[in-house]
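Hi,

Here is the structure I promised to pass on. Have a look at it first, and then read my notes below.

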Amino acid sequence: MAAVKYIASEKLPDWLKSLAEKSRVLVPVAEGGGVVFRPYAPGCQPVFGSDATAPPKGSVFPACQELFRYERGKDAEDPGKGTLKLLPATEAEPTVVFGAKPCGARGFLIFDRVYMGKKFPDPYYINAREATVFVTMACSTANVENTCFCHWVGSGPADGAGSDVLLTPVAGGYTAEALTDKGAALLESPVLSDGAAKAAEADSVKAAAREALGEAPDISTSPAALLAAFDDMDFWRDQSDKCVSCGACTYLCPTCYCFTITDEPTGQSGRRMRSWDACMHFQFTLEASGHNPRPTKAHRLKNRVGHKFSYYPTLHEGIIACCGCGRCIKSCPVSVDIREIVQNAVARAKG
Amino acid sequence: MSRLEELKTRIKEALPGLECVIGWQKGFDPLHNTPLFMRSEADVDKLEWGPFNVHNPAVYLPTLAGKKVGIVVKGCDSRSVVELLQENLINRDNVVIFGMPCEGVIDLSKVKARLAAAGASAGAASAVTTDGKTVSVTAGGQTVAMPLAEVRADKCGRCQFPNAVLADTYVGDPIAPAAPAAAADADLAALDAMSVPERMAFWRYHMERCIRCYACRNACPMCVCRDHCIAQSREPHWLTQEDTATEKLFFQVVHAMHLAGRCTECGECQRACPMDIPVLALKKHLNRTIHDLFSYQAGVDPQAIPPLLQFKLEEDNIKERSW
Ligand code: SF4
Ligand code: SF4
Ligand code: SF4
Ligand code: SF4
């Protein structure tokens with residue numbers, strides 16, 4: 001691995017500025033009462049403390065993305081014949097996502113298995129994924145929140161999986177470690193200096209944050225336990241009673257990747273758009289016939305938890321489709337707690 | 001017996017005849033309570049009462065239509081129940097209302113801001129104590145005390161109905177409203193002071209970060225179309241799925257228009273918004289207009305008909321014949 005580098009806090013704007021000259025740089029900024037990723041411009045004040053309200057999911061998987069545009073016309077030679085012109089969507093912009101927490105970047109590892117698989121490679125996703133670099137910031141004890149549970153799902157506050165560069169807050173600034181070649185290229189900037197002297201401090205920051213999370217319960221049986229509860233609708237009614245079926249949990253989730261497609265026509269031309277879907281909404285599996293296999297919020301919450309902690313791991317080598325960021329808990333208007341549901345299912349299976 | 005214990009006893013008495021009773025219990029950390037669906041006596045023992053019961057449980061009533069359920073309400077929540085009754089969205093025979101006097105609930109956004117100013121994170125809250133006047137939150141090793149009056153929800157500062165306006169069981173002595181009847185709305189006043197382009201810029205700025213999750217819609221007790229909302233219907237395709245500020249504001253205006261004269265200003269739309277977008281002001285603005293035109297306030301009188309749900313040949317305040 002490349003040597004550890006160091007950057008002083010006051011040099012950070014210089015680094016961001018130089019990165020922003022070559023690509024779009026998305027940083028967490030405060031907007032109203034929320035923290036969201038926005039393109040960096042000199043003068044912008046990034047918020048590197050607590051985790052952003054919304055993860056950087058849109059950097060690679062936009063909330064709404066044009067797949068193509070179309071134009072209908074008439075054939076000049078044969079006026080009875082219509083023509084259809086398809087215009088491809090634009091290429092993804094080179095992007096650096098800077099200052100997300102490791103869990104926010106790790107979420108894309110869940111996406112990759114779906115959109116970069118051999119069977120159905122998704123060109124839009126691949127295009128954007130390859131154009132994006134993640135510079136994440138390891139959590140210190142100050143960032144560990146009551147809703148964090150990355151250590152339950154095989155991750156941790158300094159998990160570099162999915163990141164290209166891992167920063168760690170130390171006195172006066174940050175250490176920077178390159179985890180990929182793409183990341184190493186970003187560390188070539190002259191504003192960074194050698195960080196060997198700070199490496200031990202960074203290690204203790206990481207260890208303290210991991211320590212602050214405490215012990216993780218054993219949820220290794222969750223795939224089987226959730227499957228065993230599949231037909232127990234009383235169980236799902238109890239788990240979902242208070243859910244109001246909004247989509248906040250899924251839209252804020254770094255690992256939720258479902259989408260819907262709509263055509264947005266204006267006269268003779270239009271656009272085909274792909275936008276985030278949410279299994280918590282009634283329309284999610286509503287069929288054209290009017291039949292809906294997931295007619296109630298109990299069925300829908302079962303889908304969300306089941307997908308993350310049972311169906312996905314079953315298909316993907318036991319990998320849980322949740323990075324433990326806790327956004328769905330923290331931002332749920334009624335505090336539905338996915339940890340509790342998984343544990344209830346595990347306890348139910350034990351009898 | 002404390003008031004809360006008495007309330008629990010009364011709920012336990014009623015429970016055998018009910019599908020469930022909706023209230024609140026402690027949530028995942030000391031700053032969060034969470035709705036509680038009581039189906040057994042053991043569930044009732046989890047019931048909480050106090051400034052962390054921020055949710056409006058009336059939102060669940062229309063979805064439980066046809067079942068006989070109980071509901072514990074704050075004063076503001078009771079107005080939503082009344083409004084639902086007024087609109088025949090729920091049946092009076094199917095709902096049993098439990099109330100206690102309410103002294104206000106916290107606005108978590110304000111608590112978070114207070115903690116942040118003191119260098120503490122709400123996400124690390126480990127203990128909370130309240131004595132009715134002060135909220136003390138311990139987070140990350142430090143304890144920050146804040147006067148409840150300064151961190152309570154804005155609606156509580158204007159509340160005229162701290163006691164349920166309608167209740168089958170009321171525990172405790174009714175208390176007098178703490179606020180003057182015509183307390184000012186700071187958010188409306190701020191918007192009023194802006195020019196029209198400034199106001200548009202304000203809404204664009206805020207709607208830009210909307211994630212279109214519809215928590216504002218689904219947490220609203222009066223938003224009963226929910227699964228059939230025009231925001232997501234394809235036939236007709238009223239709204240595109242684009243995430244532009246314009247489209248998102250369009251949805252908010254649709255929401256506000258559908259709530260004109262029905263909204264009880266419970267504030268759930270704004271509280272539920274994960275992005276902290278001040279969407280309540282749109283509804284309050286329309287309510288103010290409804291009040292000026294029809295002298296009407298939603299959810300106060302079970303017998304009243306909301307003005308936009310009725311037709312009168314002559315409106316008192318609309319002088320169309322003499323204009
Ligand atoms: S779990 Fe919470 S955030 Fe998710 S749909 Fe239900 S109420 Fe909304
Ligand atoms: S399910 Fe919840 S905790 Fe897990 S990644 Fe999604 S938002 Fe984060
Ligand atoms: S619009 Fe907002 S304030 Fe009005 S009833 Fe609905 S949730 Fe309550
Ligand atoms: S709750 Fe907030 S973020 Fe969600 S749709 Fe409403 S305004 Fe947008």
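**Cores, ligand shells and a sheet**

In this predicted model, the largest nonpolar core has 118 residues, and those with the most contacts inside it are Val305(A), Phe309(A), Leu61(B) and Val81(B). Helix α12 of chain B (residues 280-294) provides the largest share of this core, 6 residues. There is also a second, separate core of 24 residues, with Ile7(A), Leu19(A), Val133(A) and Leu192(A) among them.

Back to Val305(A): leaving aside neighbours within four places in sequence, this residue is in contact with Leu226(A), Trp236(A), Ser310(A), Ile338(A), Ile341(A) and Val342(A).

Next, the ligands. The residues surrounding ligand 1 include Cys243(A), Cys246(A), Cys249(A) and Cys332(A), along with Met280(A) and Arg304(A). By class, that shell has 10 nonpolar, 1 polar and 1 charged residues. Ligand 3 is surrounded by 13 residues, the closest being Cys220(B), Cys263(B), Cys266(B), Gly267(B) and Cys269(B). Helices α10 (245-259), α11 (268-272) and α12 of chain B each give two or more residues to the shell around ligand 3, which by class has 7 nonpolar, 3 polar and 3 charged residues.

Chain B also has an open, mixed sheet of 5 strands in the order β2-β1-β3-β4-β8, with β2 (33-38) and β8 (169-170) at the edges. Strands β3 (residues 69-73) and β4 (residues 95-99) run parallel, joined by 5 bridges; Val69(B) has Val95(B) as its bridge partner in β4(B). Helix α1 of chain B (residues 3-14) packs on this sheet, and its direction makes about 170 degrees with that of β4(B). Helix α3 of chain B (residues 75-86) packs on the sheet too, touching β1, β3 and β4.

Best wishes

Definitions and conventions
Residues numbered from 1 in each chain as written. Chains lettered and ligands numbered in written order. Predicted model: local features only at pLDDT ≥ 70, side-chain atom pairs only at ≥ 80, totals over all residues. Heavy atoms only, no water. Near = heavy atom within 4 Å. Nonpolar A, V, L, I, M, F, W, Y, C, P; charged D, E, K, R; others polar. Core = buried A, V, L, I, M, F, W, Y, C linked by side-chain atoms within 4.5 Å. Buried < 20%, exposed > 50% of the residue type's maximum accessible area, 1.4 Å probe, protein only. Helix = DSSP H or I, 4+ residues; strand = E, 2+ residues; numbered from the N terminus. Contact = heavy atoms within 4.5 Å. Pairing = 2+ DSSP bridges. Axes fitted to C-alpha atoms, helices over the stretch in contact; angles between N-to-C directions.
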